[in-house]
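Let's take a walk through this protein, starting with the rules used to read it and then moving from the whole chain down to single residues.

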Amino acid sequence: MASGEGRRRHHDLVPLAALLKREMKSEKMEKPTVRVGHAAQSKKGEDYFLIKTDCQRVPGNSSSSFSVFAIFDGHNGNAAAIFTREHLLNHVLGALPRGLGRDEWLQALPRALVAGFVKTDKEFQSRGETSGTTATFVIVDRWTVTVASVGDSRCILDTQGGAVTSLTVDHRLEENIEERERVTSSGGEVGRLSIVGGAEIGPLRCWPGGLCLSRSIGDMDVGEFIVPIPYVKQVKLSKAGGRLIIASDGIWDALSSEMAAKSCRGLPAELAAMQVVKEALRTRGLKDDTTCIVVDIIPPDNELPPTPPPPKRNKLRDLLSFRKSSRDSASKLSKKLSAINIVEELFEEGSAMLAERLGNDDNLNSGQSTSGIFVCAVCQVDLAPSEGISVHAGSIFSTSSKPWEGPFLCFDCRDKKDAMEGKRPSGVKVS
Ligand SMILES: [Zn+2]
C-alpha cells in the first residue's frame with residue numbers, strides 16, 4: 001500500500017481529497033436506497049420477522065453495509081421461530097470466510113446460507129423442544145438480492161417493467177412433486193389426514209408427524225427427511241431497481257404473487273405492506289398469522305417507490321425475463337441489459353443433498369480457519385485432523401486422493417447429514 005507520504009512525492013497523481021470525493025460520488029451512484037415497510041395481523045402469534053438495515057461486511061466500514069429481511073412462520077408453538085430469528089443471521093455470517101471483497105462475499109453467500117440453516121436447525125433440535133418454523137431469509141447488498149428459504153413463506157420480486165417473479169419455491173408436499181418423491185424415497189410416508197370412516201381430508205402431509213411442509217427448521221418430532229436445507233436464489237437487479245414482497249402463507253393462501261404485487265404498486269413501502277395485508281384479509285378473512293415485509297430498492301437520486309408499469313409493448317415484454325449468465329461476462333452483460341430492465345440470475349440451487357450444496361473446497365472455502373485448524377463446514381467447530389470427515393467420503397485419511405481437501409464435517413454433522421438423506425433410522429436422539 002502506498003503511504004500518504006509516497007503519494008505526495010508524485011506530482012502527477014490526483015490529490016487524495018479529490019480522489020476521495022470522486023470515490024464517494026461513484027459510491028453514491030452505485031448504491032441504491034433501500035426503503036422497508038412491515039405490516040402484520042396475528043391469529044396464533046407464531047409469525048416472527050427480522051428487519052436489519054445496518055449490517056456491515058467489514059465492521060466499521062459503512063460502504064460495506066447490507067440489509068437483512070426475514071420471515072419465520074412457526075408451527076406447533078413459537079419456540080423454533082424465535083430461536084431462528086435470534087441465531088440464523090449470526091450462523092450464516094459465521095460460516096463466511098473472513099476478509100473477502102464484495103464480489104467474493106456474494107459468491108460465498110449461498111454455501112454459508114446452507115451451513116447457517118443446518119447449524120440453526122441442529123442447535124434448536126438439541127434443546128429438545130418441539131415446534132418448527134419456515135424461514136425466508138433475504139440479504140440485500142446494493143443491487144444484489146440473495147434469498148434462502150425453507151417452507152412456504154414466499155419472497156417475490158416486482159420489477160419496474162411490471163414482471164413479477166418468485167425468488168423462492170414453496171416446500172409444500174401438496175404442490176411440490178419433487179419434494180414428495182424425495183421424502184418417500186428417504187423413508188417418509190405422504191398422505192392425507194384420515195378421519196373416522198376412512199375419509200381423507202386436507203392437504204398432503206408427511207408421516208410420522210403430519211407436517212404439510214417438506215422443509216423447515218426444528219420439527220424434531222417429524223422425520224429427519226424434513227430438512228433445513230434452503231432453496232437459494234441470487235439475482236442482480238437492473239439499475240431501475242425493484243420491489244420485494246416477503247410474506248407468510250397468511251398472504252399467499254389469499255393472494256397470488258401477481259395480485260399481491262399489483263395491489264400495492266405506486267405506494268411507498270410502509271403503506272404497501274399494509275395494503276397487501278389488508279387485501280389478503282379482505283379476500284379471505286383472518287384465518288392465519290399474516291405477515292408482510294415490503295422492500296423497495298430504489299435507484300439513487302430517485303426517492304420515489306417503483307411506479308406502475310408503462311403500457312406493455314409485446315417486444316419489450318419478451319425481453320422482461322430472467323437471463324442466466326456466467327459471472328465472468330456478468331457485469332458487461334448487465335450494463336447492456338439494464339436499459340431494458342432485465343434481472344440477471346447469478347445463482348439458483350434447490351437440492352436437498354448437503355454434500356451437493358457444500359460443494360468442493362476451493363480458494364474461497366479452504367476448510368481451514370485462520371489459525372490453520374480444520375473446521376466443520378456446518379457448525380464451524382475446530383476439528384483435529386483425525387476428526388474431520390470429508391463431506392464426500394469416509395475418513396480423510398482413507399478414500400480421498402486429496403485428503404487435505406474438504407469440506408469437512410464433524411462426527412455430529414456427518415450424522416445429521418446421513419439422517420437427512422434417510423441413511424440412518426429417523427428420530428432424534430435426545431441426550
Ligand atoms: Zn459440525
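Two residues count as being in contact if their C-beta atoms, placed from the backbone, lie within 7 Å. Keep in mind that this is a predicted model, so local features need pLDDT of at least 70 and side-chain atom pairs count only at pLDDT 80 or more, while totals for chains, interfaces and linings use all residues. Residues are numbered from 1 along each chain as its sequence is written.

Zoomed out, the protein chain has 12 helices and 20 strands; these are DSSP runs numbered from the N terminus, helices being H or I with at least four residues and strands E with at least two. Take the contacts with a separation of 6 or more: 66% of them join residues 24 or more positions apart.

Now for what's inside. A residue is buried if 20 or more other C-beta atoms lie within 10 Å of its own, exposed if 12 or fewer, and partly exposed in between. Of the chain's 431 residues, 42% come out as buried. Buried Ala, Val, Leu, Ile, Met, Phe, Trp, Tyr and Cys residues joined through C-beta atoms within 7 Å make up a nonpolar core. The largest one has 96 residues, and V138, I245, V276 and C292 have the most contacts inside it. Helix α4 (residues 102-126) gives the most to this core, with 9 residues.

What does C292 touch, leaving out residues up to four places away in sequence? The list is A39, A40, I245, A247, I251, A273, V276 and V277.

Another cysteine, C55, sits in strand β2 (residues 47-56). C55 counts as partly exposed because it has 16 C-beta neighbours inside 10 Å.
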